[in-house]
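Here's a quick tour for anyone meeting this protein for the first time. Have a look at the sequence and the structure, then read on.

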Amino acid sequence: MNPSGNSRDSTSSAPFHMIDLIRKKRDGAALDAREIEFVVSGAASGAIPLEQLAAWLMAAWIRGLTLDETRALTMAMRDSGEKFSPARLGKTAVDKHSSGGVGDKTSFLVAPLAAACGVVVPMISGRALGHTGGTLDKLEAIPGYRTALSLAEFEAVIQKCGCSIVGQTPALVPADRALYALRDRTGTVENPGLICASILSKKLAAGLDALVLDVKTGSGAFLRSEKDCEFLAALMVATAGAAGTRTAALLTDMGQPLGRAAGNWIELVEAVELLRGTRPAEGPESNADLRELSLILAGWMIHLGSQADTPESGYERAETALMNGSALRIFLEMVDAQGGDARVFEDADAFHRPGATEIFEAWESGYIAEMDTTALGWAVQRTGAGREQAGEPVDPHAGILFHARRGAEVERGQPLATLYATSAARLEEPRALLRKAILISKSPPGAAVALVSRIFTRENAEKFLQDAVR
Ligand code: URA
(Lines give C-alpha, C1' and ligand atoms only; values in the text may rest on other atoms or scores of the structure.)
Protein backbone atom coordinates (compact mmCIF):
# COMPACT_ATOMS: atom_id res chain seq x y z
CA MET A 1 0.00 0.00 0.00
CA ASN A 2 1.28 3.51 -0.75
CA PRO A 3 0.38 6.47 1.56
CA SER A 4 -2.78 7.36 -0.39
CA GLY A 5 -4.22 3.93 0.34
CA ASN A 6 -3.83 2.66 -3.22
CA SER A 7 -2.61 -0.88 -3.65
CA ARG A 8 -0.65 -0.01 -6.76
CA ASP A 9 2.09 2.45 -7.64
CA SER A 10 0.17 5.11 -9.56
CA THR A 11 3.29 6.19 -11.45
CA SER A 12 3.70 2.71 -12.92
CA SER A 13 3.14 2.37 -16.65
CA ALA A 14 1.85 -1.21 -16.38
CA PRO A 15 -1.52 -1.69 -18.09
CA PHE A 16 -4.68 -1.56 -16.02
CA HIS A 17 -7.05 -4.50 -15.85
CA MET A 18 -10.70 -3.77 -15.16
CA ILE A 19 -11.00 -6.83 -12.94
CA ASP A 20 -8.32 -5.38 -10.61
CA LEU A 21 -10.15 -2.04 -10.40
CA ILE A 22 -13.46 -3.75 -9.62
CA ARG A 23 -11.85 -5.77 -6.84
CA LYS A 24 -10.04 -2.74 -5.50
CA LYS A 25 -13.24 -0.70 -5.26
CA ARG A 26 -15.16 -3.69 -3.93
CA ASP A 27 -12.62 -4.02 -1.12
CA GLY A 28 -13.00 -0.37 -0.14
CA ALA A 29 -9.78 1.19 -1.51
CA ALA A 30 -9.76 4.48 -3.40
CA LEU A 31 -8.86 4.56 -7.10
CA ASP A 32 -6.38 7.17 -8.28
CA ALA A 33 -7.07 9.59 -11.14
CA ARG A 34 -5.37 7.41 -13.79
CA GLU A 35 -7.36 4.37 -12.76
CA ILE A 36 -10.59 6.38 -12.90
CA GLU A 37 -9.63 7.71 -16.35
CA PHE A 38 -9.16 4.11 -17.51
CA VAL A 39 -12.68 3.18 -16.35
CA VAL A 40 -14.21 6.30 -17.92
CA SER A 41 -12.45 5.99 -21.27
CA GLY A 42 -13.45 2.31 -21.45
CA ALA A 43 -17.06 3.27 -20.71
CA ALA A 44 -17.03 5.95 -23.40
CA SER A 45 -15.41 3.80 -26.09
CA GLY A 46 -17.26 0.59 -25.23
CA ALA A 47 -13.93 -1.19 -24.62
CA ILE A 48 -14.97 -2.32 -21.13
CA PRO A 49 -17.76 -4.92 -21.18
CA LEU A 50 -21.02 -3.76 -19.62
CA GLU A 51 -20.96 -6.47 -16.93
CA GLN A 52 -17.63 -5.17 -15.66
CA LEU A 53 -18.79 -1.57 -15.71
CA ALA A 54 -21.94 -2.59 -13.88
CA ALA A 55 -19.92 -4.42 -11.23
CA TRP A 56 -17.66 -1.40 -10.77
CA LEU A 57 -20.66 0.92 -10.47
CA MET A 58 -22.20 -1.31 -7.81
CA ALA A 59 -18.91 -1.42 -5.89
CA ALA A 60 -18.70 2.39 -6.09
CA TRP A 61 -22.34 2.68 -5.02
CA ILE A 62 -21.80 0.47 -1.98
CA ARG A 63 -18.34 1.71 -0.93
CA GLY A 64 -18.89 5.35 -1.90
CA LEU A 65 -16.40 7.61 -3.66
CA THR A 66 -13.90 9.84 -1.86
CA LEU A 67 -13.79 13.56 -2.68
CA ASP A 68 -10.69 12.96 -4.82
CA GLU A 69 -12.33 10.08 -6.66
CA THR A 70 -15.47 12.16 -7.27
CA ARG A 71 -13.43 15.03 -8.65
CA ALA A 72 -11.39 12.68 -10.88
CA LEU A 73 -14.53 10.93 -12.14
CA THR A 74 -16.24 14.24 -12.91
CA MET A 75 -13.27 15.61 -14.85
CA ALA A 76 -12.60 12.36 -16.74
CA MET A 77 -16.28 12.16 -17.76
CA ARG A 78 -16.27 15.82 -18.78
CA ASP A 79 -13.22 15.16 -20.95
CA SER A 80 -14.56 11.92 -22.47
CA GLY A 81 -15.73 13.63 -25.66
CA GLU A 82 -15.89 16.95 -27.47
CA LYS A 83 -16.49 20.08 -25.46
CA PHE A 84 -18.61 23.08 -26.23
CA SER A 85 -17.00 26.49 -26.13
CA PRO A 86 -19.59 29.23 -25.68
CA ALA A 87 -16.98 32.06 -25.76
CA ARG A 88 -17.78 32.81 -29.43
CA LEU A 89 -21.38 33.58 -28.50
CA GLY A 90 -20.25 36.76 -26.73
CA LYS A 91 -22.58 36.33 -23.76
CA THR A 92 -22.32 34.71 -20.35
CA ALA A 93 -23.24 31.01 -20.53
CA VAL A 94 -25.42 29.80 -17.68
CA ASP A 95 -27.42 26.67 -17.04
CA LYS A 96 -29.55 24.87 -14.46
CA HIS A 97 -29.67 21.16 -13.65
CA SER A 98 -31.81 19.21 -11.24
CA SER A 99 -30.82 16.14 -9.24
CA GLY A 100 -34.00 14.48 -10.54
CA GLY A 101 -37.67 14.76 -9.66
CA VAL A 102 -41.24 13.88 -10.57
CA GLY A 103 -43.10 16.40 -12.73
CA ASP A 104 -39.96 18.54 -12.80
CA LYS A 105 -40.33 20.54 -16.00
CA THR A 106 -38.55 23.71 -14.88
CA SER A 107 -35.95 23.36 -17.67
CA PHE A 108 -38.59 24.30 -20.27
CA LEU A 109 -39.26 27.50 -18.35
CA VAL A 110 -35.85 28.54 -17.03
CA ALA A 111 -33.90 28.10 -20.29
CA PRO A 112 -36.00 30.61 -22.28
CA LEU A 113 -36.55 32.85 -19.23
CA ALA A 114 -32.81 33.25 -18.64
CA ALA A 115 -32.15 33.61 -22.39
CA ALA A 116 -34.76 36.39 -22.52
CA CYS A 117 -32.80 38.20 -19.79
CA GLY A 118 -29.44 38.36 -21.58
CA VAL A 119 -27.52 35.13 -20.94
CA VAL A 120 -27.12 32.11 -23.21
CA VAL A 121 -28.18 28.65 -22.05
CA PRO A 122 -26.34 25.66 -23.61
CA MET A 123 -28.27 22.90 -21.81
CA ILE A 124 -27.12 19.25 -22.00
CA SER A 125 -29.80 17.11 -20.36
CA GLY A 126 -30.62 13.47 -19.73
CA ARG A 127 -33.35 10.88 -20.21
CA ALA A 128 -35.64 9.30 -17.62
CA LEU A 129 -33.55 7.93 -14.75
CA GLY A 130 -34.99 5.61 -12.11
CA HIS A 131 -38.38 6.93 -11.01
CA THR A 132 -37.72 10.41 -12.43
CA GLY A 133 -38.61 11.76 -15.84
CA GLY A 134 -36.10 12.89 -18.45
CA THR A 135 -36.01 16.27 -20.17
CA LEU A 136 -34.99 14.65 -23.49
CA ASP A 137 -37.83 12.12 -23.45
CA LYS A 138 -40.28 14.94 -22.80
CA LEU A 139 -38.92 17.11 -25.62
CA GLU A 140 -39.02 14.19 -28.04
CA ALA A 141 -42.81 14.12 -27.54
CA ILE A 142 -42.77 17.08 -29.96
CA PRO A 143 -42.83 15.58 -33.47
CA GLY A 144 -39.48 16.13 -35.17
CA TYR A 145 -37.60 17.61 -32.17
CA ARG A 146 -33.94 16.55 -32.37
CA THR A 147 -32.05 16.14 -29.11
CA ALA A 148 -28.83 14.84 -30.75
CA LEU A 149 -27.18 17.82 -32.43
CA SER A 150 -23.61 18.28 -33.59
CA LEU A 151 -21.67 20.98 -31.73
CA ALA A 152 -22.01 23.27 -34.77
CA GLU A 153 -25.79 22.80 -34.80
CA PHE A 154 -25.94 23.33 -31.01
CA GLU A 155 -24.05 26.60 -31.39
CA ALA A 156 -26.25 27.74 -34.28
CA VAL A 157 -29.45 27.17 -32.27
CA ILE A 158 -28.05 29.10 -29.29
CA GLN A 159 -26.87 31.88 -31.60
CA LYS A 160 -30.39 32.15 -33.00
CA CYS A 161 -32.55 31.58 -29.91
CA GLY A 162 -30.33 32.15 -26.86
CA CYS A 163 -30.83 28.57 -25.63
CA SER A 164 -30.74 24.98 -26.83
CA ILE A 165 -31.60 21.75 -25.02
CA VAL A 166 -29.78 18.63 -26.25
CA GLY A 167 -28.58 15.27 -24.92
CA GLN A 168 -25.32 13.41 -24.52
CA THR A 169 -24.19 11.82 -27.82
CA PRO A 170 -21.36 9.49 -28.85
CA ALA A 171 -19.35 12.72 -29.27
CA LEU A 172 -20.62 14.84 -26.35
CA VAL A 173 -20.01 13.43 -22.84
CA PRO A 174 -20.13 9.83 -24.18
CA ALA A 175 -19.04 8.45 -20.80
CA ASP A 176 -22.14 9.86 -19.12
CA ARG A 177 -24.28 8.59 -21.98
CA ALA A 178 -23.05 5.04 -21.30
CA LEU A 179 -22.89 5.16 -17.49
CA TYR A 180 -26.22 6.99 -17.12
CA ALA A 181 -28.09 4.31 -19.07
CA LEU A 182 -26.28 1.55 -17.16
CA ARG A 183 -26.97 3.08 -13.72
CA ASP A 184 -30.64 3.29 -14.68
CA ARG A 185 -30.72 -0.49 -15.24
CA THR A 186 -28.51 -1.62 -12.36
CA GLY A 187 -29.89 0.17 -9.29
CA THR A 188 -26.82 2.39 -9.01
CA VAL A 189 -28.35 5.83 -9.33
CA GLU A 190 -28.62 7.00 -5.72
CA ASN A 191 -25.02 7.80 -4.82
CA PRO A 192 -23.70 11.35 -4.25
CA GLY A 193 -20.38 10.88 -6.08
CA LEU A 194 -21.98 9.19 -9.10
CA ILE A 195 -24.75 11.82 -9.29
CA CYS A 196 -22.21 14.65 -8.93
CA ALA A 197 -20.01 13.28 -11.74
CA SER A 198 -22.97 12.59 -14.01
CA ILE A 199 -24.50 16.04 -13.61
CA LEU A 200 -21.30 18.07 -13.63
CA SER A 201 -19.65 16.21 -16.51
CA LYS A 202 -22.49 17.39 -18.77
CA LYS A 203 -22.51 20.90 -17.35
CA LEU A 204 -18.74 21.41 -17.45
CA ALA A 205 -18.52 20.00 -21.00
CA ALA A 206 -20.85 22.83 -22.01
CA GLY A 207 -18.18 25.35 -20.93
CA LEU A 208 -20.51 27.21 -18.56
CA ASP A 209 -19.58 30.41 -16.76
CA ALA A 210 -22.23 29.80 -14.12
CA LEU A 211 -24.54 27.04 -12.99
CA VAL A 212 -27.60 26.73 -10.75
CA LEU A 213 -28.30 23.32 -9.24
CA ASP A 214 -31.72 22.26 -8.02
CA VAL A 215 -31.11 19.54 -5.44
CA LYS A 216 -34.36 17.79 -4.63
CA THR A 217 -35.23 16.78 -1.07
CA GLY A 218 -38.10 14.75 0.36
CA SER A 219 -39.90 11.56 -0.63
CA GLY A 220 -39.23 11.91 -4.38
CA ALA A 221 -35.51 12.68 -4.17
CA PHE A 222 -32.84 10.12 -5.06
CA LEU A 223 -31.12 10.80 -1.73
CA ARG A 224 -33.64 10.63 1.05
CA SER A 225 -32.02 12.18 4.13
CA GLU A 226 -31.72 15.95 4.38
CA LYS A 227 -28.03 15.52 5.34
CA ASP A 228 -27.26 13.47 2.20
CA CYS A 229 -28.99 16.08 0.03
CA GLU A 230 -26.96 18.84 1.67
CA PHE A 231 -23.80 16.82 1.11
CA LEU A 232 -24.63 16.35 -2.59
CA ALA A 233 -25.37 20.06 -2.98
CA ALA A 234 -22.14 21.12 -1.26
CA LEU A 235 -20.14 18.50 -3.20
CA MET A 236 -21.42 19.74 -6.56
CA VAL A 237 -20.98 23.43 -5.71
CA ALA A 238 -17.38 22.89 -4.55
CA THR A 239 -16.48 20.57 -7.47
CA ALA A 240 -17.91 22.90 -10.12
CA GLY A 241 -16.38 25.93 -8.37
CA ALA A 242 -12.95 24.29 -8.39
CA ALA A 243 -13.38 23.74 -12.14
CA GLY A 244 -14.01 27.47 -12.60
CA THR A 245 -17.81 27.61 -12.85
CA ARG A 246 -19.66 29.97 -10.45
CA THR A 247 -22.24 27.68 -8.92
CA ALA A 248 -25.12 27.82 -6.44
CA ALA A 249 -27.31 24.93 -5.29
CA LEU A 250 -30.83 25.29 -3.94
CA LEU A 251 -32.35 22.50 -1.88
CA THR A 252 -35.97 22.29 -2.99
CA ASP A 253 -39.00 20.27 -1.97
CA MET A 254 -39.80 17.05 -3.87
CA GLY A 255 -42.26 15.78 -1.25
CA GLN A 256 -44.92 15.87 -3.97
CA PRO A 257 -44.83 16.11 -7.78
CA LEU A 258 -43.89 19.56 -9.04
CA GLY A 259 -46.91 21.14 -10.72
CA ARG A 260 -49.83 19.04 -11.96
CA ALA A 261 -48.44 16.93 -14.78
CA ALA A 262 -45.91 14.09 -14.72
CA GLY A 263 -45.18 12.32 -18.01
CA ASN A 264 -43.90 13.51 -21.37
CA TRP A 265 -46.25 15.56 -23.57
CA ILE A 266 -48.47 16.61 -20.63
CA GLU A 267 -45.46 18.18 -18.87
CA LEU A 268 -44.59 20.24 -21.93
CA VAL A 269 -48.18 21.45 -22.13
CA GLU A 270 -48.14 22.55 -18.50
CA ALA A 271 -44.85 24.43 -19.01
CA VAL A 272 -46.11 26.15 -22.17
CA GLU A 273 -49.34 27.19 -20.42
CA LEU A 274 -47.26 29.00 -17.79
CA LEU A 275 -44.98 30.49 -20.47
CA ARG A 276 -48.13 31.92 -22.04
CA GLY A 277 -48.46 33.96 -18.85
CA THR A 278 -51.49 31.97 -17.71
CA ARG A 279 -51.89 32.36 -13.96
CA PRO A 280 -51.24 29.10 -12.10
CA ALA A 281 -54.24 26.90 -11.34
CA GLU A 282 -55.81 27.60 -7.93
CA GLY A 283 -57.13 25.36 -5.14
CA PRO A 284 -56.23 21.68 -4.80
CA GLU A 285 -54.87 21.57 -8.38
CA SER A 286 -52.57 24.55 -7.96
CA ASN A 287 -49.30 24.51 -9.88
CA ALA A 288 -48.09 27.72 -8.29
CA ASP A 289 -45.06 25.77 -6.96
CA LEU A 290 -43.86 25.14 -10.52
CA ARG A 291 -44.16 28.79 -11.49
CA GLU A 292 -42.50 29.98 -8.29
CA LEU A 293 -39.58 27.53 -8.42
CA SER A 294 -38.96 28.28 -12.10
CA LEU A 295 -38.78 32.00 -11.38
CA ILE A 296 -36.49 31.49 -8.38
CA LEU A 297 -34.10 29.27 -10.39
CA ALA A 298 -34.18 31.63 -13.38
CA GLY A 299 -33.55 34.54 -10.97
CA TRP A 300 -30.39 32.83 -9.73
CA MET A 301 -29.27 32.06 -13.30
CA ILE A 302 -29.73 35.69 -14.29
CA HIS A 303 -27.91 36.85 -11.16
CA LEU A 304 -24.95 34.45 -11.54
CA GLY A 305 -24.85 35.41 -15.20
CA SER A 306 -24.27 39.04 -14.08
CA GLN A 307 -27.56 40.32 -15.50
CA ALA A 308 -29.03 41.19 -12.07
CA ASP A 309 -27.43 42.38 -8.83
CA THR A 310 -29.35 39.92 -6.70
CA PRO A 311 -31.30 36.69 -7.23
CA GLU A 312 -34.41 38.63 -6.22
CA SER A 313 -33.98 41.21 -8.96
CA GLY A 314 -33.23 38.31 -11.33
CA TYR A 315 -36.60 36.86 -10.30
CA GLU A 316 -38.33 40.12 -11.19
CA ARG A 317 -36.66 40.21 -14.59
CA ALA A 318 -37.66 36.59 -15.21
CA GLU A 319 -41.27 37.33 -14.21
CA THR A 320 -41.40 40.18 -16.71
CA ALA A 321 -40.11 37.84 -19.45
CA LEU A 322 -42.80 35.34 -18.46
CA MET A 323 -45.62 37.84 -18.54
CA ASN A 324 -44.62 39.71 -21.71
CA GLY A 325 -44.37 36.53 -23.81
CA SER A 326 -40.67 36.88 -24.68
CA ALA A 327 -39.72 33.58 -22.99
CA LEU A 328 -42.55 31.75 -24.80
CA ARG A 329 -41.34 33.15 -28.12
CA ILE A 330 -37.81 31.91 -27.42
CA PHE A 331 -39.03 28.44 -26.40
CA LEU A 332 -41.09 28.03 -29.58
CA GLU A 333 -38.23 29.33 -31.72
CA MET A 334 -35.89 26.79 -30.11
CA VAL A 335 -38.35 23.95 -30.81
CA ASP A 336 -38.56 25.05 -34.43
CA ALA A 337 -34.77 25.43 -34.74
CA GLN A 338 -34.29 21.86 -33.48
CA GLY A 339 -36.68 20.45 -36.07
CA GLY A 340 -39.76 20.26 -33.82
CA ASP A 341 -43.25 21.07 -35.02
CA ALA A 342 -44.22 23.89 -32.62
CA ARG A 343 -47.74 23.96 -34.10
CA VAL A 344 -48.69 21.03 -31.85
CA PHE A 345 -48.95 23.50 -28.96
CA GLU A 346 -51.77 25.34 -30.76
CA ASP A 347 -54.20 22.54 -29.98
CA ALA A 348 -52.49 20.52 -27.29
CA ASP A 349 -55.57 18.42 -26.48
CA ALA A 350 -56.04 17.32 -30.09
CA PHE A 351 -52.42 16.12 -30.20
CA HIS A 352 -52.75 14.16 -26.94
CA ARG A 353 -53.78 10.58 -27.83
CA PRO A 354 -53.16 8.22 -24.90
CA GLY A 355 -54.01 4.53 -25.40
CA ALA A 356 -56.13 4.39 -22.25
CA THR A 357 -57.42 6.95 -19.73
CA GLU A 358 -58.75 6.43 -16.22
CA ILE A 359 -59.76 8.68 -13.35
CA PHE A 360 -58.30 7.69 -9.99
CA GLU A 361 -60.64 8.72 -7.17
CA ALA A 362 -60.25 9.32 -3.42
CA TRP A 363 -61.27 6.10 -1.63
CA GLU A 364 -62.26 8.00 1.51
CA SER A 365 -62.76 11.57 2.69
CA GLY A 366 -60.02 13.41 4.59
CA TYR A 367 -56.80 15.30 3.91
CA ILE A 368 -53.88 14.37 1.65
CA ALA A 369 -51.36 13.95 4.46
CA GLU A 370 -48.38 12.51 2.59
CA MET A 371 -47.25 11.42 -0.82
CA ASP A 372 -44.55 8.84 -1.47
CA THR A 373 -43.31 10.72 -4.52
CA THR A 374 -40.83 8.02 -5.55
CA ALA A 375 -43.72 5.53 -5.81
CA LEU A 376 -45.73 8.16 -7.72
CA GLY A 377 -42.75 8.52 -10.09
CA TRP A 378 -42.67 4.76 -10.68
CA ALA A 379 -46.43 4.89 -11.32
CA VAL A 380 -45.79 7.51 -14.01
CA GLN A 381 -42.98 5.46 -15.59
CA ARG A 382 -45.18 2.31 -15.61
CA THR A 383 -48.00 4.00 -17.54
CA GLY A 384 -45.56 3.77 -20.47
CA ALA A 385 -43.94 7.19 -19.93
CA GLY A 386 -40.66 5.50 -18.93
CA ARG A 387 -38.69 2.53 -20.26
CA GLU A 388 -37.87 -0.94 -18.90
CA GLN A 389 -34.75 -1.38 -21.04
CA ALA A 390 -32.20 1.13 -22.31
CA GLY A 391 -32.96 2.32 -25.81
CA GLU A 392 -36.67 1.41 -25.67
CA PRO A 393 -39.00 4.09 -26.97
CA VAL A 394 -41.21 5.84 -24.40
CA ASP A 395 -44.86 6.70 -24.94
CA PRO A 396 -45.10 10.48 -25.41
CA HIS A 397 -48.78 10.48 -24.44
CA ALA A 398 -48.47 8.50 -21.19
CA GLY A 399 -48.33 10.06 -17.73
CA ILE A 400 -50.39 11.19 -14.78
CA LEU A 401 -52.19 14.48 -14.12
CA PHE A 402 -52.54 15.14 -10.39
CA HIS A 403 -55.69 16.91 -9.20
CA ALA A 404 -54.91 17.27 -5.50
CA ARG A 405 -51.86 18.55 -3.67
CA ARG A 406 -50.46 17.63 -0.29
CA GLY A 407 -52.65 19.18 2.42
CA ALA A 408 -55.80 19.34 0.25
CA GLU A 409 -59.14 18.31 1.78
CA VAL A 410 -60.75 15.67 -0.41
CA GLU A 411 -64.17 13.97 -0.54
CA ARG A 412 -64.58 10.26 -1.19
CA GLY A 413 -65.03 9.81 -4.96
CA GLN A 414 -63.26 13.07 -5.83
CA PRO A 415 -60.74 12.70 -8.70
CA LEU A 416 -57.18 12.65 -7.33
CA ALA A 417 -55.48 11.94 -10.63
CA THR A 418 -56.04 11.16 -14.31
CA LEU A 419 -53.97 8.25 -15.61
CA TYR A 420 -52.95 8.20 -19.27
CA ALA A 421 -51.44 4.84 -20.24
CA THR A 422 -50.20 3.17 -23.40
CA SER A 423 -52.94 0.51 -23.06
CA ALA A 424 -55.60 -0.56 -20.55
CA ALA A 425 -53.24 -3.30 -19.33
CA ARG A 426 -50.76 -0.61 -18.26
CA LEU A 427 -53.25 1.05 -15.91
CA GLU A 428 -53.26 -1.66 -13.27
CA GLU A 429 -49.79 -1.20 -11.78
CA PRO A 430 -49.93 2.63 -11.66
CA ARG A 431 -53.37 2.41 -10.02
CA ALA A 432 -52.01 0.09 -7.30
CA LEU A 433 -48.93 2.27 -6.79
CA LEU A 434 -51.05 5.40 -6.40
CA ARG A 435 -53.28 3.70 -3.84
CA LYS A 436 -50.21 2.90 -1.71
CA ALA A 437 -48.36 6.16 -2.30
CA ILE A 438 -51.06 8.60 -1.20
CA LEU A 439 -51.95 8.78 2.47
CA ILE A 440 -55.36 10.23 3.36
CA SER A 441 -55.74 11.20 7.02
CA LYS A 442 -58.69 12.41 9.05
CA SER A 443 -56.87 15.43 10.48
CA PRO A 444 -55.21 18.25 8.50
CA PRO A 445 -51.44 17.84 8.10
CA GLY A 446 -48.96 20.13 9.89
CA ALA A 447 -47.19 23.20 8.59
CA ALA A 448 -46.55 23.58 4.84
CA VAL A 449 -43.09 22.54 3.64
CA ALA A 450 -40.83 25.34 2.33
CA LEU A 451 -40.23 25.23 -1.43
CA VAL A 452 -36.55 26.18 -0.94
CA SER A 453 -35.02 25.01 2.33
CA ARG A 454 -31.32 25.89 1.96
CA ILE A 455 -28.91 27.52 -0.47
CA PHE A 456 -25.24 26.67 -0.98
CA THR A 457 -22.70 28.90 -2.63
CA ARG A 458 -18.96 28.26 -2.76
CA GLU A 459 -18.26 29.73 0.70
CA ASN A 460 -20.65 27.65 2.78
CA ALA A 461 -20.25 24.59 0.52
CA GLU A 462 -16.54 24.24 1.17
CA LYS A 463 -16.99 24.65 4.91
CA PHE A 464 -19.83 22.11 4.91
CA LEU A 465 -17.69 19.56 3.05
CA GLN A 466 -14.73 20.04 5.36
CA ASP A 467 -16.96 19.41 8.38
CA ALA A 468 -18.66 16.47 6.70
CA VAL A 469 -15.49 14.54 5.88
CA ARG A 470 -13.73 15.37 9.15
N1 URA B 1 -29.30 13.94 -13.31
C2 URA B 1 -28.21 13.50 -13.96
O3 URA B 1 -27.85 14.02 -15.02
N4 URA B 1 -27.51 12.49 -13.42
C5 URA B 1 -27.84 11.90 -12.26
O6 URA B 1 -27.16 11.00 -11.84
C7 URA B 1 -29.00 12.35 -11.59
C8 URA B 1 -29.71 13.39 -12.13
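Which side chain does a polar contact join to that of Glu35?

## A buried glutamate

It's Lys24: the side chains of Glu35 and Lys24 are joined by a polar contact of 3.0 Å. Keep in mind that this is a predicted model.

Glu35 sits in helix α2, which covers residues 33–45. With a relative accessibility of 1%, below the 20% cut-off, Glu35 counts as buried.

The largest nonpolar core has 131 residues, and Trp265 and Leu416 are the ones that touch the most other members. Both domain 2 (86–346 + 452–468) and domain 3 (354–441) give residues to this core, so it lies between them. A separate core of 25 residues lies apart from it, with Leu21, Val39, Ala76 and Ala175 among its members.

So who does Trp265 meet? Setting aside neighbours within four places in sequence, Trp265 is in contact with Ala141, Ile142, Val344, Phe345, Ala348, Phe351, His352 and Pro396.

## The sheet and its helices

Next up is an open sheet of 4 strands, ordered β1-β4-β5-β13, with mixed pairing. Its edges are β1 (94–98) and β13 (452–456), each pairing on one side only. From one strand to the next, the twist averages 20 degrees.

Strands β4 (residues 210–217) and β5 (residues 246–253) run parallel, joined by 8 bridges. Here Val212 stands opposite Ala248 in β5.

Helix α12 (residues 288–304) packs on the sheet and touches β1, β4, β5 and β13, its direction making about 150 degrees with that of β4. Helix α18 (residues 458–469) packs on the sheet too, touching β5 and β13, and its direction is at about 90 degrees to that of β13.

Methods: Residues numbered from 1 in each chain as written. Predicted model: local features only at pLDDT ≥ 70, side-chain atom pairs only at ≥ 80, totals over all residues. Heavy atoms only, no water. Helix = DSSP H or I, 4+ residues; strand = E, 2+ residues; numbered from the N terminus. Buried < 20%, exposed > 50% of the residue type's maximum accessible area, 1.4 Å probe, protein only. Polar contact = N/O pair within 3.5 Å; in protein donor to acceptor, adjacent residues only side chain to side chain. Core = buried A, V, L, I, M, F, W, Y, C linked by side-chain atoms within 4.5 Å. Domains from an automatic or database assignment. Contact = heavy atoms within 4.5 Å. Pairing = 2+ DSSP bridges. Axes fitted to C-alpha atoms, helices over the stretch in contact; angles between N-to-C directions.
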